[in-house]
Amino acid sequence: MTIDPITLSVIQAGLQQVCDEMDLSFSRAAFSPVIAEANDRSDGIYAAEDGALIAQGAGGLPVFVGTMQYSTRTLIEMIAAGTVAAPQPDDIYIVNDPYLGGTHLMDVRFARPFYRRGEIFCWLSNTGHWPDTGGSVPGGFSASATSVEQEGLRLPPVRLFKQGKLDTEIYSIICSNIRVADQRIGDVKAQAAALMVGETRLHALLDRYGDETVRAAITELRARASAQMQQLIDEIPDGTYRSTAWVDSDGVVNEPLAIKLAITKTPGHLTFDFDGTAPPCMGPMNSVLATTLSSVYLAMRHIFPEVPISAGAFEPLEVIRTEGTFLDAQYPRPVSGCAAEVSQRIAEAVFAALVEPLPHRVTAAPAGTSGNFALGGFDPETGRDFVMYQLSGGGYGGNADHDGLSNGCSTIGISKAPPVEIMEQNFPVLYHRYALREGSGGAGHHRGGLGLDYEIELRRGDARASFVMDHGRFGPQGALGGEDGAPNMVEVWRGGECHVPEHLSKEQDIPLTAGDRVRVRTPGGGGYGNPATRDAQLSAEDARLGRTR
Amino acid sequence: MSDGAIIGVDVGGTFTDLVMIDPSGAIRIAKTPTTLDNQAFGVLTALRDAEVSLPQAGLIVHGTTTTTNAVLERKLSRTGLITTAGFRDVLELGRRTRPQAYGMKGVFRPVIPRDLRLEVPERMDAAGNVVTPLDETALRDAVQTLKDAGCEALVIHFLHAYANPDHEKRAAQIAAQIWPNDYITMGHALLSETREFERGVTAAVNASVQPLLERYIARLRGELADQGYRGDVLVMNGNGGMVSSRLVAREAAKTVMSGPASGVMAAAYTGRRAGFENLLTYDMGGTSTDVALIRGGHPPVSNEIEVEYAMPINVPMVDVRTVGAGGGSIARVNAAGLLEVGPQSAGADPGPICYGKGGTEPTISDANMLLGRLDPGRLNAVKGGVGLETLERVFADLGTPLGVDARAAAEAVIQMANTKMAGAIRMVSLSLGADPRDFALFAFGGAGPLHAAALARELGVPRVLIPARPGLTNALGCVVADLRHDYVQTIGLPLGPDAIDAVRHSFAQQIETGAAALGQETIDIREIRHDCSVDMQFVGQSHVVRVPLPNGTPDLEELQTRFEKVYWERFRVDLPEIRAKVVTVNCSVIGVCAPVDLSGLIAPEGRCAEAHPTGHRDVVLEGQVVRTPIYWRDHLPETVLLDGPALIEQADTTILIPPGDRVEGIADGNLVIHVGGADDDH
């Protein structure tokens, strides 16, 4: 069956609309602020036979751009092998196992078979970041974990909803193993309701255009997305482009981890070869393969945002030789840093390799860390324990057109930072500074954007500070003659003495008492092009406004 | 108010529109090009064109884009900021965002540049306790420095001033002794809500447009007075209400985005008179389309509007969302061989090809022209314009990679545009918790009525309401507006007796403050209405839902029930497990003005007893060339009934009635399109 391009365009818009409506429904009803405010979630439609991505919501968190097709494929394979119970209509599977096509344990996936005339037509799936899934530290980001068991409860695919009804037995097991369990029912219902929205809308689409037409359109759209990506990557001259990006350390062993990347362009095809990359590490900076692939895809989508997210767009991108590296971790390696940090270093390696052949498309390296600072303690005024997260932005890389943006969101995220006033309402802290980090942008023809400089005082009680950040050892890379951005800096001031984490950007459970302070300076972006060619007026304005020093 | 005519004048991006209703009900209209350098000039031209006798005029209500343009183009007064030590960069750091999800690029210009942002020692904590007292010497120095730097307006914005404004008030007092004018804005004055970036930007915008708005209004009043006008000038706010021009500059930020709000208020008023209480309004212009939702005859007001990337102006505004396509949206075939419409737009300059101003890429308007939906005769009317053959060729080129001819390509552009617009309208509707099928589509703007029936079909909306003067809706909004003041109070209490007490107390205070504000106005008020609501959530959530409280403060049980009902309707989720929380208490105090009679919008004397086509044209509809009758709207009988296909033309728009649909004339000159010809009642 061939479909005219006009019907195809309309069906493509229709499939996209189904996913966008799922995204909207999930965020609006969710409890977890990471889902509701930070949009740390994603919804999509996946092929019945192999889980291949058909369409995904435009507002999903970028790091999920490629992961759910792997978790759905794994689920389909396990059902075929009989290791997971076969589905019935209105069932919903839950799974958060990182090694089965995931990210870290906190990203919980739901998958629902979508039936037409008694057959599975496709799968609807979504991922949401739960605030806690158990493990040794609240929130799951332990900088010193050495196995996945320390990171939280690991769920294989099980049917949490059976024919539309919540399995209260499975649910009670989950709730007995996670913190703030009483609020999770809100997220579970929101996550399931989003899939229901998708179900209703997809039926409407199929009723209107016919199952066979839509099926044929999906096949055709996949081929065309592949052709579109091929055409775009043909802007790159054939050849091999190399880069190295460094993760500061794994949080346990204080050694930098190298990501070695060689991208080879042949007509219509890019090979991403990770040969020479560091082996699996002791600490939680391992990545699972699905996250590694997704990181490559999201980097390419930052470069070519016009290609719609679908399996076809990824077909011309081949990732090889990850086996034996920390980018393809196997059970029981700890992985909590993969979605937030390692993914951004992989993207940086892609940017650094491709900025030379695509100088108008690619920027110098952005700050590339989620800047996770967690403070957990007891507030004597409220009589309650608290866990506070300060996630922060940093400078973006300079680019062909402009200086980098200051205080932008992480490469893999799209969320807003919470206001200082809200943080002070909710936690016993006082901010002394929340400012542009002067002089942090890498010099260049277009300089990097500025990082953030903040300082927090603990006002009452005792607490423990933990850091999972990166780019402390090396600043974000400059490009085409531009200089590196300033590296991340953490200082903990206790009783008037300054403590700097041994791993610079990572440390677990530093004890604080009232009056102690934490100061964080996040990375500036890499500079783009030779600084000597910078417009003198721009340099003078930078000096006048105190952006450079 | 004297018994003279009421005149609404709205300045839009391209045109200045005027609607005048005199006490007899007679209506005059005018449309003239907007004069960007001095909007007052276009206003006076419109008044002249409508032959308004200013000495006899009763009231002028004015919608202006002075502040909107100043903000979007950053043509702002030089403004300084004094803020808490350690926080001068809050306005530039924003909330850690980028303009789009993909693409690591972006540019952001803060409202106030870094060298005009100064810090002084002072600090409150979140509970409003003083941590560091205000350093008054440092404050004096800072004020002097900004004055010497040539600043015309001043913002004083301290952390947690919503919890305790003492430092801001004291600082403003001191600054007033030094500052040469009244342009001092305190951060908490417009918006006493938490979130330092949003509050700060709102205050900074207010300060930096204040002098501009005041000068503009003074000039306009002066010119009107010179021509003998003795009445008051009221100015439209973004909340859809009006305030006296003598007071408007104090809270100048509230006039930003007043144009779209005004159109939605006119839609609500028109709908209420016609018995359509639930409307999805859709205003299709040249570059974009504005969508709003009206429930129960009133549009929702939001205080979380971002007017562009990282530019929140968090004062109450009618919730109007701008979505994708407009008449100038460009059609292209992308690298995957698929048709795309937008997001690129030909804008107003050069505009679509059919404008004859040098546009070369095919747009939605061009497709409409080629298909005969718009009068191709107009092409010849454009000086130096292009012919139909040019359009034919451009669309043939567009069709080549799609394997279709020019007309099929043009039809595909319309279909694609309708699919995308319908999707965007659905998203707006759903994000406001409404199913579009429960609404009628209210189409206005120059291009809206041409696409309305097709969009309605796409959305499953059964009826379309087309007002008498779709192209003058914003000006009509000025004429029918009420006086309005909105108040928002944060309480943040779990639902219980304390929360109920706080709600009751807040409403009482808000109603009293509003009554005092209305007391300062000079025009007649028929009655004072209060729109009360609370924003609620389940404990632990971050989004809120708005729970309307038509009868004021409810008891505990009733509020719980109302909240659960609203939540269920929105999300199909019920959560008996979790406690509810009242976040904010909202009250709009509305001074209802005398009703305005719209029956003269289309002059009865011009109407004929029967509908006669003025001509026929070949129009491409669903792949067929159909000989379609064309009617002149002003000549149609008031209770006309026609089956599609038909085109109804008027000075400010063209309406397409597709085959299978039926159009019916009702009171006030409105037309109702029954999609699918269904003749059910509303």
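Let me begin in chain B, where B:Pro645 lies in the loop between β30 (641–643) and β31 (646–650). Strands here are DSSP runs of E with at least two residues, helices are runs of H or I with at least four, and both are numbered from the N terminus. The peptide bond that joins B:Gly644 and B:Pro645 is cis, with omega about 5°.

A word on the source. This is a predicted model, in which local features need pLDDT of at least 70 and side-chain atom pairs count only at pLDDT 80 or more, while totals for chains, interfaces and linings use all residues. Residues are numbered from 1 along each chain as its sequence is written, and chains are lettered from A and ligands numbered from 1 in the order in which they are written.

Chain A also has a cis peptide bond, from A:Tyr331 to A:Pro332, with omega near 5°. A:Pro332 is found in the loop between β11 (317–320) and α9 (338–354) of chain A.

I turn to two residues with positive phi. B:Ala310 is not a glycine, yet its phi is about 55°; its place is the loop between β16 (306–308) and β17 (311–312) of chain B. Is B:Ala310 buried or exposed? B:Ala310 counts as buried, because it has 21 C-beta neighbours inside 10 Å. The terms are set by other C-beta atoms within 10 Å, placed from the backbone: 20 or more for buried, 12 or fewer for exposed, and partly exposed in between. A:Arg117, with phi near 50°, is exposed, with 6 such atoms within 10 Å. A:Arg117 lies in the loop between β4 (107–116) and β5 (119–129) of chain A.

Next, the contact between the chains. It takes 59 residues from chain B and 67 residues from chain A, where contact requires C-beta atoms, placed from the backbone, to lie within 7 Å. On the side of chain B that touches chain A, α3 (90–93), α7 (196–226) and α12 (406–431) of chain B each give two or more residues. Of these, α12(B) gives the most, with nine residues.

The helix α12(B) also packs against α11 (residues 388–399) of chain B; their axes come within 7 Å and cross at roughly 80°. Axes are lines fitted to C-alpha atoms, for helices over the stretch in contact, and angles run from 0 to 180 degrees between N-to-C directions. The two helices α11(B) and α12(B) are therefore roughly perpendicular, a term for angles of 65 to 115 degrees. Among the residues that meet are B:Phe395 and B:Leu398 in α11(B) and B:Ala409 in α12(B).

Note on methods: Two residues are in contact if their C-beta atoms, placed from the backbone, lie within 7 Å. Angles under 35 degrees count as roughly parallel, over 145 as roughly antiparallel, 65 to 115 as roughly perpendicular and the rest as oblique.
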